Each structure stands twice: as structure tokens, then as C-alpha cells.
Amino acid sequence: MDKSSTLLVHYDKGTPAVAKEIKEALEGNDVEAKVDAMKKAVMLLLNGETIPQLFITIIRYVLPSEDHTIQKLLLLYLELIEKTDSRGKVLPEMILICQNLRNNLMHPNEYIRGVTLRFLCRLKETEIVEPLTPSVLQNLEHRHPFVRRNAILAVMSIYKLPHGEQLFVDAPEMIEKALSTEQDPSAKRNAFLMLFTCAEERAVNYLLSNVDKVSDWNESLQMVVLELIRSVCKTKPSEKGKYIKIIISLLSATSSAVIYECAGTLVSLSSAPTAIRAAANTYCQLLLSQSDNNVKLILLDRLSELKSSHRDIMVELIIDVLRVLSSPNLDIRRKTLDIALDLITHHNINEVVQVLKKEVVKTQSGELEKNGEYRQMLIQAIHACAVKFPEVASTVVHLLMDFLGDSNVASALDVISFVREIIETNPKLRVSIITRLLDTFYQIRAGKVCPCALWIIGEYCLSLSEVESGISTIKQCLGDLPFYSVSEESEPTETSKKIQPTSSAMVSSRKPVILADGTYATQSAASETTFSTPAVVQGALTSGNLRALLLTGDFFLGSVVACTLTKLVLRLEEVQSSKTEVNKTVTQALLIMVSMLQLGQSPASPHPIDNDSYERIVLCIKLLCHRKDEMKKIWLESCRQSFVKMISEKQLREMEELKAKTQTTHAQPDDLIDFFHLKSRKGMSQLELEDQVQDDLKRATGEFTKDENDANKLNRILQLTGFSDPVYAEAYVTVHHYDIALEVTVINRTKETLQNLCLELATMGDLKLVERPQNYSLAPATSMQIKANIKVSSTETGVIFGNIVYETSNVMERNVVVLNDIHIDIMDYISPAVCSDVAFRTMWAEFEWENKVAVNTKIENEREFLDHIIKSTNMKCLTGPSELDGECGFLAANLYAKSVFGEDALVNVSIEKQTDGALSGYIRIRSKTQGIALSLGDKITLKQKGSN
Amino acid sequence: MVVLAASIVGKSGKVLVSRQYVDMSRIRIEGLLAAFPKLVGMGKQHTYIETENVRYVYQPIEVLFLLLVTTKQSNILEDLDTLRMLSKLVPEYSMSLDEEGINRAAFELIFAFDEVISLGHKESVTVAQVKQYCEMESHEEKLHKLVMQSKINDTKDVMKRKANEIDKSKIDKTRGGDKGGLSSMSSLGSGFNDSSISHGRGSSFGSGSMLGMISDVEPISTKAKDRSRSSVTAPPKSSGMKLGKSGKNQLMESLKAEGEDIIEDVKPSSQTRTAVAPPTDPFTLTVEEKLNVALRRDGGISSFDMQGTLSLQILNQDDGFVQVQIETGGNPEILFKTHPNINRELFNSESILGLKRPDQPFPTGQGGDGVGLLRWRMQRADESMVPLTINCWPSVSGNETYVSIEYEASSMFDLTNVIISVPLPALREAPMVKQCDGDWRYDSRNSVLEWSILLIDNSNRSGSMEFVVPPVDSSVFFPISVQFAATNTYSGLKVTGMIPLRGGGGGVTPRFVQRTQLVAQNYEVV
């Protein structure tokens with residue numbers, strides 16, 4: 001373990017402080033200057049410059065100072081200074097400080113005593129502490145609580161030192177005595193803490209003899225009590241019974257922090273339903289009473305932990321949890337909904353849906369800015385409910401269909417896809433949904449919602465009346481034909497003029513996007529326009545929403561209209577007996593299609609119709625003109641079948657995910673087995689969980705490093721100099737989270753002693769050397785290990801350069817051996833991660849840095865190439881395997897990874913197989929910072945060539 | 001509940017100030033702080049971030065972040081309190097809330113942070129208190145300085161006077177030959193006297209005033225504290241508490257029903273409480289003899305002093321009217337002295353201890369050792385009277401010193417808990433004990449070898465021990481001190497009965513308890 005660091009202060013290198021100046025200021029009499037100089041000295045120390053000569057100056061001129069600030073700064077200085085030599089022995093000059101510390105401990109100023117005692121808490125050297133112990137003990141009885149408080153902590157820290165219990169044989173007794181008479185709450189807490197850490201059974205005794213008073217104790221003391229209980233129960237589970245009462249009495253404490261802690265303790269001690277219920281109830285109450293968002297979020301985290309371990313109990317509390325939805329924060333609402341959705345059962349589904357419905361209705365009335373997003377979340381939640389429990393679908397679907405005309409495109413889209421799924425899975429609801437949809441169709445304003453709605457109409461209008469009303473609804477929404485007439489000429493040109501500038505502005509600003517199937521494309525102008533502002537058509541109800549959208553140039557919609565009409569007509573043919581009626585409808589449909597084509601080619605449209613839509617409409621026209629059974633079958637049945645297949649595949653995938661989730665909970669061969677009847681009631685398994693809590697601190701302070709495989713270590717050995725160089729050097733490079741440790745072995749190959757041998761390192765990229773290099777001397781043919789730590793702060797390829805400098809006795813000049821460069825690989829920092837499709841898209845749009853790498857590889861199979869890229873970049877493929885299936889000559893996929901510093905790396909691979917069999921295309925990398933984009937690009941360029 | 005560090009960082013991740021409260025390496029804390037700005041998302045409405053290992057709780061202050069790094073299990077409610085407290089402190093100490101301002105006030109901020117968090121635990125303090133703690137204005141220090149000043153002034157005065165007198169005496173000396181010598185002496189002496197008196201006066205004045213001040217200050221502060229505390233603790237005792245209690249009981253019941261064993265009346269285990277149980281008998285009589293003996297190392301007694309007391313403790317006030325019948329062993333060396341209130345005639349004639357005024361009861365009560373009734377001393381004794389003699393023979397042989405010790409106990413007493421402590425030179429390791437009757441223990445801190453024998457009776461009237469230490473001067477091993485206790489005494493004094501003065505039928509003698517012991521208070525071989 002490295003030396004621990006106790007404080008950091010920013011040090012401005014622009015104004016270097018010179019040791020000499022500091023020295024002069026310290027020797028002077030001006031207090032201000034002295035304070036400044038002390039500060040500078042501390043900063044220099046922090047910056048790694050140990051100025052040994054300053055120490056004596058400080059001893060001589062600063063120690064006797066009466067000024068309090070100087071004394072405090074002096075303590076900081078002493079805290080930082082190296083107190084031991086290289087072998088861990090305390091330096092002899094440290095004795096000089098001891099006297100001063102003792103004087104400070106007997107100082108008439110209670111604050112000086114206090115801060116000195118606090119300093120002792122941080123002291124690790126038993127030899128320095130030892131002579132001070134009597135003075136520390138005297139301070140335990142000082143009149144001022146500030147001193148006692150710190151004295152107790154000092155006793156505790158010293159007692160915890162190696163051999164500390166020999167310095168204070170009777171410390172626990174004395175502290176126990178002090179505790180019984182202490183009045184100051186803070187000192188009392190510290191005393192109890194001391195007993196807890198140093199003599200647990202005494203603390204337990206004190207607690208048990210004061211059981212009745214616990215609820216009146218100070219908040220901070222109660223916290224330690226809870227900590228004690230947890231720790232005691234961990235070692236002696238049999239005594240748990242004694243403490244449950246205390247915990248329950250503390251549940252009614254006044255401080256919410258204590259209540260929170262209580263609930264946590266209760267959960268960790270017992271898994272009895274009542275205990276869990278009490279804890280969950282407490283959490284719910286806190287959720288309602290605490291206004292702070294952070295608290296709420298963390299409480300929700302706790303609840304979701306409870307949920308995963310004690311679902312059956314949490315189910316009872318679902319309504320309480322849902323109450324949190326009243327908070328305006330979206331994150332909180334999202335978490336709440338997540339928890340609630342997992343807790344739905346047959347019994348509470350109706351209640352839950354009721355609450356959700358109420359919330360949805362509320363969002364309509366309120367004018368909050370995030371309402372749209374919230375509504376979307378609610379709709380998704382209701383959707384999930386309906387999927388799980390199809391019987392509630394009927395109660396919600398109509399409510400949700402009110403939102404088809406919602407100005408929030410996303411929530412309208414959610415609604416329509418929900419409707420689409422329900423209508424397929426719930427055949428009973430078909431009729432009512434279709435009627436409703438036809439009634440509300442005119443309200444749909446979003447260009448992305450319309451096609452889906454039209455598809456539903458086309459697929460699910462089965463009876464004669466439905467088909468007829470379907471056709472008439474579409475006609476109504478299209479308005480009077482033609483779309484474009486000479487008489488209207490003046491007006492449309494105006495509108496087109498109006499639209500033109502906006503769309504051109506859009507064209508200039510538009511970026512390539514990734515389509516839903518992973519293809520990377522510049523979007524067609526038409527869909528681009530529907531994406532942005534005119535996506536929602538305002539007003540013009542008289543002319544119909546479809547018409548308005550068409551007039552803005554959404555010809556994709558036109559093709560959907562044409563398909564729908566074709567389907568409806570084909571179906572009408574089946575259900576309508578009268579041939580004349582059918583023919584009449586056919587002609588009407590044909591007229592509509594033709595006018596759409598006309599509009600597409602006329603100057604009134606903002607831009608001409610795109611080829612895809614044109615072809616599709618023409619196909620429809622052809623089909624209606626020559627109706628064949630074969631075609632009919634394709635249009636009326638195959639379409640539906642593929643949709644059914646999609647739905648079932650989706651369900652299958654969800655099932656698989658669920659299975660995978662349950663699989664992870666299976667026990668490992670070496671796991672402890674809980675026998676339900678023997679153990680679970682006692683909450684033992686939770687106690688094992690508690691071990692993790694203990695590790696928590698260790699992990700946080702970085703003490704927890706996994707033992708690495710030595711063989712693994714040898715793989716990363718790097719030769720830095722040649723064998724014939726006078727100094728041979730090689731390094732192990734170990735990459736930790738935030739730092740790189742270089743362990744350099746240096747061997748003297750000459751027959752002379754090398755003096756002032758120094759390993760000088762320089763870095764490129766976002767790397768920083770932590771310490772200054774030190775000088776060593778190396779006897780002939782001996783070797784030594786030099787350690788260097790390099791700090792890393794972002795994911796980037798870095799290079800470390802260096803040389804070894806040394807002197808020999810006969811030659812006075814310095815010799816230099818230049819080392820090989822050490823390259824730090826970006827792959828050490830990124831790890832595969834998953835994010836949602838939507839999140840990927842938003843990040844893609846947001847990130848500023850893009851690196852485009854042309855595909856240049858010998859691999860001829862698209863899948864194989866993709867796998868190769870995934871393997872060599874250590875990223876996760878977000879595009880599902882089913883979407884990558886099949887041989888179609890091209891492939892598009894999204895990859896995602898996260899760095900240890902929390903940065904995102906996005907990659908899109910779009911490749912096409914050329915006729916000559918070679919692959920071509922681009923790999924695009926996007927990230928927030930330049931480093932990742934560049935380094936990852938380099939990596940890919942390097943790897944794709946070296947394909948093997 | 002552990003705060004790892006409290007820091008202020010810039011938006012770009014520049015660490016301006018950071019104070020760590022647990023041991024962590026520099027690279028670790030810098031890494032954590034460097035990772036932070038990258039994790040802060042914009043537009044979020046909460047101000048905490050959880051990573052794999054730690055939790056950051058932060059608060060933006062203009063262009064900076066005030067930040068607590070905590071463990072993930074840490075109590076968020078408390079951490080937010082701490083953060084709020086720190087955020088109030090930052091503007092107090094920093095002139096401007098930008099990087100420059102923080103840099104300038106970095107150390108002051110660290111001092112202030114230290115007051116709010118100690119060893120990672122939150123202290124309950126207010127802003128005013130922190131300011132007070134950081135200003136370090138101490139009343140006591142001022143007083144101390146005043147006292148010092150007055151002492152210095154006094155001493156200066158004395159110095160001046162003395163100088164004057166010396167001058168005068170010089171003049172006297174020059175005037176009148178040998179007579180002058182004497183007078184100068186006396187005047188010098190008086191000068192010294194004066195100085196010491198004035199010195200004493202000065203200090204006594206100082207300390208007196210100091211005491212006065214303190215006693216003035218203290219009641220007020222404690223009163224104020226009491227008041228605040230009572231006002232704080234009062235509310236929970238309202239009727240709301242009762243409701244909670246009934247709920248609590250329900251909780252307990254159902255917990256029990258579910259198989260949690262709950263112990264409702266929890267008693268502390270009595271293992272550490274070994275204090276003397278309060279007396280339950282109506283009368284307790286204690287006969288105690290204390291020995292202060294110094295034996296010479298080459299035999300013989302250098303001093304011997306035995307002091308004995310008989311004390312009576314009466315539990316109930318109603319039983320105060322009694323007399324005590326005793327019986328002495330008849331040792332001629334021992335002289336008894338009664339308490340002034342005891343009727344000496346009665347004692348001398350009938351060996352009955354009773355009050356001079358029979359209508360008065362003996363003082364009663366539980367506290368202390370009771371009332372002393374009788375004292376006695378024995379100062380002369382020859383070697384045969386000493387309960388335990390110690391012989392210590394250090395002998396140097398080669399590179400080592402062999403020390404053999406033996407004890408011999410007089411047959412008069414059975415001694416218990418005998419501990420013979422031999423001082424040794426400062427040794428790194430325990431000495432090598434070759435042979436030992438009983439147990440031994442080496443106390444390295446005081447470098448003392450303790451030889452303990454639980455009981456010396458007729459079976460082991462003598463015993464020995466031998467150990468080896470590096471060569472030292474033999475005087476190191478002295479003085480050997482001995483502790484022991486015995487149940488029979490030199491005086492052989494016994495209480496034979498209690499005579500009640502009231503309550504009619506004298507036939508019933510009240511129940512009483514008698515304790516007799518001989519203790520070595522200061523028993524040394526020098």
C-alpha cells in the first residue's frame with residue numbers, strides 16, 4: 001500500500017516558491033509572512049518536493065511561535081512530512097517535535113490542545129506517540145468538551161496502532177469511565193465509538209445497561225449504536241434477539257437519518273416478514289417525508305434491493321411506492337415505475353392501473369414542461385402491465401387512444417405500437433379498438449404515427465362496415481381531390497416558399513443518422529422533414545391531417561395510404577357481394593393514388609416524390625387494376641403473418657431474457673446453501689451479505705486489489721534497453737483503474753558503481769507522473785527495482801518515454817541510455833457495455849468527435865469482419881443477432897463500450913460486399929472527447945489489416 | 001457512515017482543495033476526483049453519483065463543485081447534512097467563489113472541514129461553532145497570559161527592590177566594617193522572604209482569580225446546555241410516544257410469532273462489574289491492620305509500623321443504639337485508642353465499645369467504611385514478628401547474573417495473594433526463569449518481574465525462585481516490594497457480640513458481619 005494522503009491543495013506552478021525565500025520568511029518576525037511561508041512549505045511538500053533543510057528552520061523558528069494559525073499549519077506540515085527513513089525507522093530528529101507536541105497538549109488554549117489531539121489521530125508512528133500518552137490521558141478530563149472529544153479520538157487512534165494496546169493498557173476502562181460521566185453529545189459519541197472499535201463487549205455492556213435511554217440519546221450516538229448492533233450480530237448471531245428491541249425503539253426516533261439506518265440494520269439482521277415490512281414501511285414513509293431528490297432516489301434503490309430479495313412483502317406496499325409519483329422529478333418517477341412494474345400481481349393489477357391512469361389524466365391538465373416525457377413513461381408502464389396481464393388491456397386501451405393525437409410524438413408512437421400489439425394479442429378487443437381508431441384518426445397529427453395507424457386500419461378492418469368506414473375515414477382525411485389544382489396554384493407556391501427555407505436549413509444542418517435497423521444513412525429529405533418541426537401539423541382540420549402531411553411532402557405516408565387503400569379494397573372484394581360497389585371503390589382509390597403521384601411531380605410539392613414511394617404507389621395501382629388471388633394472399637395474409645411472427649419473436653426474446661435472469665440467481669458450486677426451514681428466518685444469509693458492507697470501505701479506498709496472476713504479469717513485460725547497454729532495464733506494466741504502475745528492473749552490466757542513477761520518464765497524452773524520480777546508486781552487476789506511478793485521467797492511447805541517466809566515478813559527465821517507448825493501450829480502459837437504442841441515438845447526435853475509418857480488410861464475410869472488430873475493440877454489439885442474420889450482401893451494426901472513467905464510445909459499422917467479393921464501407925467512431933475517437937480509430941485501422 | 005474525503009473541484013476537474021478522512025493513497029483520491037467531472041451529467045435534478053465503488057455527493061457552488069466522496073453504504077441523509085454544513089462554511093472562508101478565492105483560502109477551508117468531520121464521522125456543529133473553533137480565542141489562554149504577565153511584573157518588582165537593597169547594603173558595608181556583614185545578611189534574608197511572599201501572593205491571586213472566573217462561567221454554560229437539552233428531549237415524551245409504543249409491541253409480537261427470538265428485558269452481563277456488593281447485613285464490623293515495613297536486604301528490620309482500625313457500619317438508622325463487645329488478643333506491644341465519643345471507662349473495664357451518651361445512636365449509612373471506633377498501633381517488633389522475610393542473592397557468573405530469591409513466612413499468618421515484585425534492568429525480553437515456586441510474570445513496561453504465590457500456609461512456609469539476566473549491578477534488584485493479605489491479625493481483636501440498648505428483650509443479639517484482614521501497605525526489602 002502506498003503512503004496515504006491526507007490532503008490535497010491546488011498548487012499553481014506558475015509562481016514557484018523558492019526554498020530560500022520561505023526560509024527567510026520563516027526566520028523573520030512578521031506573522032503574516034510566516035503564515036504565508038508555512039502555507040507554501042506545505043504546498044511544496046504536497047507537490048513532492050521534500051526540502052529537508054527547511055525542517056530545521058521550522059523547528060527553530062516556527063515551533064516556538066505563539067500564533068495559532070502558525071501552530072495549525074505546523075501540524076499540517078508535520079502530518080505530511082516523511083517521518084521515517086527508507087527502512088521504516090523513525091528519524092531521530094522527530095524527537096524534537098515530541099516536546100513541542102507535549103507542550104501543545106498542555107497548552108492553556110483548549111483549541112490548541114484539540115487540534116493537536118486531532119493531529120495525533122493521524123499519526124502512525126508509535127515511537128513518536130509513546131512519550132505523549134500521559135498528556136493525552138490528562139486531556140480526557142479537560143474541562144472543555146472540544147478537548148475531551150478529540151482526546152477520546154486520539155486515544156482510539158493510538159490504541160488501534162500496532163502495539164497501541166501496550167501503550168494504553170487500560171484505555172477501554174478509562175474511556176468507559178469517561179463515557180458514563182460525559183455530557184457532551186459529541187464526546188459521548190466518540191467515546192462509544194472508541195469502545196465499539198477497541199473493546200466491543202464493553203460497548204455492548206454499556207448499551208445493554210442503558211437500553212431504556214437509547215431512544216433519548218443524541219442522534220450521532222444512536223447511529224453508532226446501530227453500527228455496533230450490526231457488527232455484534234455479525235460475529236454472534238445468537239445474540240440478535242437482544243437487539244431487535246432496541247432497533248424497533250429507534251425506528252420512532254426523531255432524526256430521519258437514524259430511522260433510515262434503523263431500517264437498513266433491520267433488514268440486515270432479520271428476514272422475518274414483519275421486520276422486512278417494518279423496514280420497507282419506514283423507507284416508504286421517508287420517501288414521502290423527505291423532499292430531497294437524492295434521498296428519494298437512494299431510498300428507491302434500497303426498496304428495489306428489498307424487492308429483489310423479498311418480493312412477496314414488497315408487493316403489499318406497491319401502492320405506497322406509487323405515491324412517490326407525485327414528485328416532479330423524472331428520474332424518481334422512472335425508478336418508481338420500474339419498481340412498481342416488478343411488483344404487479346393479479347391482486348393488485350387493477351389498483352396499479354387505476355393509479356397509473358389517474359396519473360396519465362393528471363398530465364393532461366398540468367402544464368409542466370416534462371409532462372410529455374412523463375406521459376410517455378406512464379404509457380410504457382401501462383403497456384407493460386397490459387402485456388403481463390392482458391385482461392387489463394380493455395380498461396386502458398381506450399384511455400390511451402385519447403393520446404394518439406398527442407403533441408408529444410414519442411408518446412403517441414408508444415400508444416400506437418401498444419394498440420398494434422393489443423389488437424393482435426387480444427382478438428376480443430379488435431372491434432372496439434378499430435371503431436375507436438377510426439373515430440379518432442383525424443386527430444393524429446404526427447407523420448410517424450399515421451403510417452402505423454393506417455397499417456392497423458388496413459390489417460384489422462374485417463367486416464363490411466369496418467372496411468367501408470375505413471375507406472371513408474381515409475378519404476375524409478385526404479380531403480377533396482385533387483391535391484393540386486391550377487386554381488390553388490398561387491396558394492401552394494406560397495406555402496412551398498414558406499416551407500422551403502426551413503427545409504433547406506434543415507438539409508444543411510442535418511447529420512447522417514443511424515436508422516432503426518442499424519443502417520447508417522443520410523436520411524431522405526422526406527422523412528427528415530417529418531422528423532423535425534413540421535412533424536406535427538397545426539390546425540387545418542378542415543382539410544384533413546393526411547392532406548396536410550402530404551402537402552408538406554411526406555410521400556412515404558402517401559405510399560402507406562396507397563397500400564392501406566389497396567388492402568381495404570381487396571378485403572372489400574371478399575366481404576361485399578355487390579360488384580358495382582367494389583368497382584366504385586376501386587376507382588376512387590385509384591383516383592387518390594394517381595393524384596398523389598401527380599402531387600409528387602408537380603411544382604406545388606416542396607420536393608419531388610422519391611423513387612421508393614413512387615414505385616410503391618405505382619405497384620398498388622397495378623395491383624388494383626389486375627387483381628389476382630395470388631397477390632391477394634400475399635397482401636392480406638402474409639403481411640399479418642410476419643407481424644404475428646415478429647410479436648411472438650419479441651415474446652420469445654423476453655422469455656429468454658427472463659430465463660437468463662433467473663439463471664444468474666442459480667447457486668454456484670461453492671456457494672453457501674440456505675435451507676429455508678433452518679436458516680432463512682434467522683436472517684443469516686443477510687449477515688453474510690454484511691461482509692460486503694465491510695468490504696465497501698476497502699473497495700472505496702482502493703485497498704482491494706485483486707491478486708493478479710503472476711503468469712499474466714509476465715505477459716506484459718517490456719524490454720526497455722538492449723542487452724549490450726551498460727544498464728539493462730525492463731518493466732512490468734500494470735494498469736489499474738486510475739493509474740499505471742511501472743515496475744522497472746534495472747541491472748548494472750558494468751564493473752563500476754553507477755552513481756546518481758535516475759529513471760527519467762516523460763509522458764505524452766493524458767498521463768501524468770505522480771512522483772519525481774529519485775537518485776540511486778548501483779553497485780557493479782547488481783540489480784534493483786524502481787517503481788513509478790503514472791496517473792491516467794482519460795481514455796486515450798498514451799506513450800511513456802524515458803531514459804536512464806547515471807554518472808560513474810571516473811567520468812564526470814552524465815551518461816544517458818534512451819529507453820524504448822511504452823505504449824499504453826486504450827483497450828485496458830474500455831469494457832463492453834449496453835445502452836438502449838434510443839440512448840445510443842441521442843448520444844450519437846450529441847457527440848462532437850467523429851472518426852471515420854474506411855474498411856480495408858482481407859476478410860470477405862461480413863459477419864466474420866464484424867466479429868473481428870468486436871473482438872479487437874472489446875466492445876458490445878447492440879444490434880441483435882436476429883437482425884444480423886442472413887446473407888444479403890450488406891451489414892450494419894452498432895457497437896458500444898464504456899471507459900472506466902465513464903466515457904462512452906460509440907461505433908457504427910456499415911459494410912457492403914462488393915461484386916468482386918471484397919468488403920467496403922466505413923466504420924465510424926463517435927465520442928465526447930477527442931482522445932477516444934482517435935485512439936479507437938487507430939486501433940481499428942491497425943487491427944483490421946492484421947486480420948487473421 | 002464514512003466520509004472518505006471532502007473536496008472542492010473545478011468544473012474541469014481541477015482539484016482545488018481536498019481533505020481525506022480515511023487512509024487512501026494519493027493516486028486513488030486523485031483518480032476518484034478526476035473521474036468525477038466526467039460523471040456529472042447536466043440537467044439532472046439530483047446531486048449524487050454512484051460508481052462501482054464509491055458514491056459522490058456534490059453541490060455546485062457557482063463554477064465549482066463541493067464534493068463528498070463516501071462509501072456506497074453511507075447514510076445519505078447524514079451525508080447531505082454534512083454537505084449542507086460545508087456549503088455554508090465555504091462562503092464564510094472564501095472571499096470569492098471561484099478558483100482563485102478557494103486557492104487563497106485553501107488552508108482555512110481545510111481547518112473548517114476538519115471541525116465538521118472527524119475520522120469520517122459527522123460532528124454535530126453549527127457554523128458559529130466552527131467559526132469559534134477556528135478562531136481559537138481561548139479565555140483560559142488569556143487568563144494564563146494575564147497570570148504570567150502579573151508574575152513577570154511581580155518578579156520585576158522584587159528584582160528592583162532587591163537591587164535597591166543590595167545597593168543599600170553595599171553602602172552599609174562601606175560604612176561600618178564587620179557589623180555591616182551581619183546586617184547585610186539579615187537584610188538579604190528578609191529580601192528573600194519578601195520575594196517569596198510576594199511571589200506566593202501573586203500566584204495565589206492569579207489562581208484565585210482564575211478559579212473565580214471559571215466558577216462564574218461554568219454554571220451559566222451548563223445551565224444553558226441543560227435548558228437546551230431539556231427542551232430538545234422533551235417533545236418525544238408527549239402522548240405520541242405512547243401510540244408508538246403500542247405499535248412497537250405489536251411489531252414485537254408479530255416478530256416473535258414469526259420465529260425471531262426476542263429478549264425483552266435485557267440485562268448487561270455482569271462479567272465486568274465486580275465491584276463490592278453493597279452490604280446487606282444490618283451491622284458490618286471491619287478489623288483492618290495495615291503494615292508498613294522496610295526490611296534490610298542483609299537481614300534485620302529497618303522499620304516496622306502496624307496500624308489497625310476497627311470500624312462499624314450500620315445500615316438502618318433504627319439500629320443505631322448498640323454497643324459492641326470485643327475481645328483483644330492481649331498483645332502487650334499494642335496500645336488501643338478509642339474514638340473521642342466512645343465511653344473509655346466502659347472499654348477499659350469491660351471491653352465494650354459504646355457511646356459516651358447512650359441516648360445517641362451511632363451514625364448510619366451505606367457510604368464509606370463506616371465509623372471508626374478504635375485504633376491501635378504496634379511499632380516495635382523483632383524479626384520473628386515479621387510475616388514474610390525475603391532473601392535475594394544476585395551473583396555474577398560470566399556473562400550472566402544469576403539471581404536467587406527465597407522467602408520465609410512466619411507461622412503466625414497464612415498469607416494470600418502474595419506478589420513479590422523484583423525490579424529488573426530494562427530488558428528487551430523476559431528474563432530466563434530457571435526455577436520458581438508459584439507463578440511469575442514479566443511486566444516489560446515497568447521492567448518488573450512479578451513472582452506470585454496464591455497462598456502461603458503450613459505446606460509452603462518457604463519457597464524460592466531463580467532467574468538469569470544479563471550482567472548488572474546487584475543494587476538494581478532492590479527495592480523488592482511485596483504485597484499480601486492475611487486473615488489473622490497482630491492484635492487478635494475479635495468482636496464477640498452486639499448489645500442492643502433498646503428494643504427490650506436483650507436476649508436477642510443482632511446479626512452482624514465481621515471482616516478481619518491484614519494488608520501489606522508498604523512492604524519492601526531495601
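Author: **The interface of chain B and chain A**

Lys39(A) forms a salt bridge with Glu108(B), and the closest N and O atoms are 3.0 Å apart. A salt bridge here is a side-chain nitrogen of Lys or Arg within 4 Å of a carboxyl oxygen of Asp or Glu. Between chain B and chain A the count is seven salt bridges. On the side of chain B that touches chain A, helix α1 (residues 26–39) of chain B gives the most, with 12 residues; helices (H or I, at least four residues) and strands (E, at least two) are DSSP runs, numbered from the N terminus.

This is a predicted model, in which local features need pLDDT of at least 70 and side-chain atom pairs count only at pLDDT 80 or more, while totals for chains, interfaces and linings use all residues. Residues are numbered from 1 along each chain as its sequence is written, chains are lettered from A and ligands numbered from 1 in the order in which they are written, and side-chain values use heavy atoms, with hydrogens and water left out.

In contact (heavy atoms within 4.5 Å) are 99 residues of chain B and 111 residues of chain A. The area buried between the two chains is about 9400 Å², and carbon and sulfur atoms give 56% of it. Buried area is the accessible area (1.4 Å probe) that two parts lose on being put together, summed over both. Ile27(B), Phe107(B) and Met136(B) supply 8% of the area that chain B buries against chain A, more than any other three residues.

Strands also meet here: strand β1 (residues 7–9) of chain A and strand β2 (residues 15–20) of chain B run antiparallel and are joined by three bridges. Two strands pair if DSSP finds at least two bridges between them. Opposite Arg19(B) in β2(B) stands Leu7(A).
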